[in-house]
Each structure stands twice: as structure tokens, then as C-alpha cells.
Amino acid sequence: MEYAYVLEAIRIRRLIWIAPLLLVVVLSGCKSDLGFINARWIEGVSLTPVATSDQKQADRPLHSESLTLKDSVLIKTLAEAMNKSKKFSDDLDWGPEFEMKLVYGDGYSEDYYIALGDQLGHEGMFTTAENSSQGYTIPVKNSDQLRKFIYGTIDTENIEQADPVETSVEVTGPVTLSHNELSPVTGRAGFLNLQLLEGTYSEDWTTPSPLAGRNWSGRFRLVVTDEHGKTLSSYPLNDQFAQTFNDFFQLQFEDYNGDGDPDFTIGQYGTSNGYFYKLFTLRRNNVIEELPIKPENQLFISSPERYSIKLDKVDEHSFKRSYYDNAAGKQVEDTFQWVGSAFQRLDK
């Protein structure tokens with residue numbers, strides 16, 4: 001009984017200590033919306049205990065050291081918990097236990113504050129670092145699953161999973177996700193295709209999201225063929241960025257630098273606010289090349305389109321792009337012009 005009393009006293013002191021810090025966090029929040037969290041894109045999760053210089057040793061969280069977690073089951077469990085969360089409409093009155101960072105494969109990261117506690121049967125809560133005044137509650141079942149990872153032994157047997165179903169799908173050749181006739185574009189017979197050469201196919205119809213449904217991941221290429229299917233040239237896409245597509249699509253062609261060759265974009269999911277796009281061109285000899293973009297070498301664009309979009313031309317040698325800037329809390333527009341051998345973003 002005395003030991004239980006001491007533990008309860010420790011928890012009370014921790015909440016008292018965290019309250020002033022929470023006030024600072026809440027008052028510093030800015031506007032941001034919570035997008036879909038896709039576990040497939042997350043490479044790791046870091047948890048840093050919230051602490052102050054006057055915190056006593058006995059009052060420190062159960063994990064006093066920062067944790068870096070890369071377990072795939074944990075990442076999937078965390079993503080599901082966040083996607084099933086609900087906005088908390090009342091004033092926040094809680095204490096964040098961890099600063100949480102989700103690190104994606106392309107180096108992009110998102111910051112949050114999260115509190116679960118070590119007692120089963122209670123909802124967890126988190127906020128984004130950008131808008132720490134808006135709380136999101138995590139359902140009890142999902143919160144309990146996360147507690148088993150963070151505060152106890154990982155017990156994947158007790159995490160609800162769908163019954164495994166044995167599947168075997170034989171593929172006898174490349175999978176073409178984008179099939180584009182070139183005669184309307186170049187005046188020459190042939191096709192430009194985007195193909196999956198090696199990888200995996202999966203389906204997820206349980207959670208509405210930008211990447212739900214069918215998913216093709218792996219090693220892709222662009223290939224130019226004649227009207228009989230003979231390969232004229234090919235270009236490995238995975239040298240550009242990690243590839244996942246969840247739908248068939250058409251390439252959108254336009255000449256953006258005025259050289260007479262058709263250019264086209266290929267995009268990948270970035271955040272709930274937009275996609276990252278690379279820009280390519282098809283030369284008269286059927287060779288595919290990437291068109292450099294400075295300074296980032298890619299374009300982040302907010303658009304209802306996804307894997308290929310037609311850019312908004314300003315004139316024969318330039319185009320503009322638009323995206324939502326979370327830091328500024330507004331839509332931003334800028335212009336890129338062809339200078340020498342690359343598109344250069346113009347100073348405002």
C-alpha cells in the first residue's frame with residue numbers, strides 16, 4: 001500500500017510540474033490542420049521527454065531518455081492511432097509527456113506533443129507543434145496499444161490484426177501504371193509508359209486517405225516504345241525519389257522552356273497540403289532527361305491533381321507554382337524561369 005501511495009504521489013507531482021509548461025505551449029500555437037499519417041512513408045519516430053531544469057529525479061517520466069523507434073509494427077500502430085483521433089473541442093487541460101517527431105523517408109519531419117500516461121483504459125492526447133492549442137484525443141484501444149510499446153514490453157500478439165490470408169499473384173511482365181500515346185504530342189508514333197519493374201502490390205480499403213486503395217511500390221522506370229512495343233529508350237525513376245503510386249494516371253505534357261520538346265511532371269505524396277514534383281523532358285531522339293529546378297530541384301505544389309499535373313505557364317520560358325505554407329499560414333505563389341540549363345526560382 002505504501003508503494004502504491006508513493007507512485008500516485010509521483011504522478012500528481014508530474015502533472016503539477018507539467019502544467020506551467022503546457023500553458024507556454026498552448027499560448028504559442030499557430031493554425032494548422034492535421035493531415036493523414038501514412039505509415040508506409042515514416043522511417044522512424046523520436047520521443048523526447050518533456051522536462052525542466054528544476055524537475056526532481058523522482059518526478060521524471062518513466063522514460064527519462066530520448067527514444068528513437070523504427071519498429072514497423074509500432075509505426076503502423078501510431079499512424080492508425082493518430083488517424084482515428086478526434087478533435088478535442090474544449091479548452092486543453094493536460095500535460096504533454098513527450099515531444100514526438102515523425103521522420104519520413106525523404107528527410108521531411110513533423111513535430112507533435114503527446115501524452116498517454118502509463119495507466120490502461122484511458123484516452124491519449126496529442127497536438128501538433130504548429131497548433132498546440134488544438135488537441136486530438138486518441139481512442140482508448142489505440143492508446144493502450146501505444147502504452148505497451150512505450151511503457152512496457154512490446155506485445156504484438158495482443159495488438160488486433162486482421163487474420164492472415166494467403167495470396168499468390170503471378171506477374172509475367174512489367175506493370176504499366178501510366179500509358180501515354182505520343183503521336184498527339186510529338187507527331188511520331190509510339191508510347192511513353194511508366195512501369196513497375198520490381199516491387200510489391202497491396203490494397204488498403206479500411207482508412208480513407210490520399211494513399212488508400214491500391215498501392216504499387218518498388219523500382220519504376222519510364223520507357224519509350226514504338227507502335228510495336230519495341231523499346232527505344234528507358235529512364236530509371238528511382239534515382240529521383242522513392243516511388244509509390246496508388247492509381248493509374250496520364251502524363252500531362254507541355255513545353256515549359258521553349259525548346260520545342262515536350263516536358264512533363266511526375267509527383268509523389270508529400271503532406272496533406274500537396275505533392276512533390278520532378279520535371280522531365282522527352283528529346284527528339286526519344287531520350288528522357290530530368291530538367292533541373294533550382295534551388296530545391298523539385299516543386300512542392302498544392303493541387304487536386306496528384307501524380308502528374310500541368311504547370312501554369314507565365315510565358316514561353318517560365319511557369320508559376322502555388323502551395324500552402326504551414327509556417328506562414330497562407331497560400332504562397334512563386335515563379336520559375338528557364339535560365340541557361342535550369343529553371344531558376346525568381347526573387348520576389
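A residue is buried under 20% relative accessible area, exposed over 50%, and partly exposed in between (1.4 Å probe, protein chains only). The model is predicted: local features need pLDDT of at least 70, side-chain atom pairs count only at pLDDT 80 or more, and totals for chains, interfaces and linings use all residues. Residues are numbered from 1 along each chain as its sequence is written, and side-chain values use heavy atoms, with hydrogens and water left out.

Begin with the whole protein chain. Its secondary structure comprises four helices and 22 strands; these are DSSP runs (helices H or I, at least four residues; strands E, at least two), numbered from the N terminus. Of the 348 residues, 41% are buried.

Next, select strand S10, residues 213-225, and within this strand Asn215. Asn215 counts as buried because its relative accessibility is 1%. Display its surroundings: leaving aside residues up to four places away in sequence, Asn215 touches Arg40, Thr200, Tyr201, Ser202, Thr244, Phe245 and Asn246, where contact means heavy atoms within 4.5 Å.

Finally, move to the open sheet of five strands, ordered S17-S22-S21-S20-S19 with mixed pairing. Strands pair if DSSP finds at least two bridges between them. At the edges are S17 (293-294) and S19 (312-315), each pairing on one side only. Select S19 together with S20 (residues 318-325): the two run antiparallel and are joined by three bridges. To end the tour, pick Asp315, whose bridge partner in S20 is Ser318.
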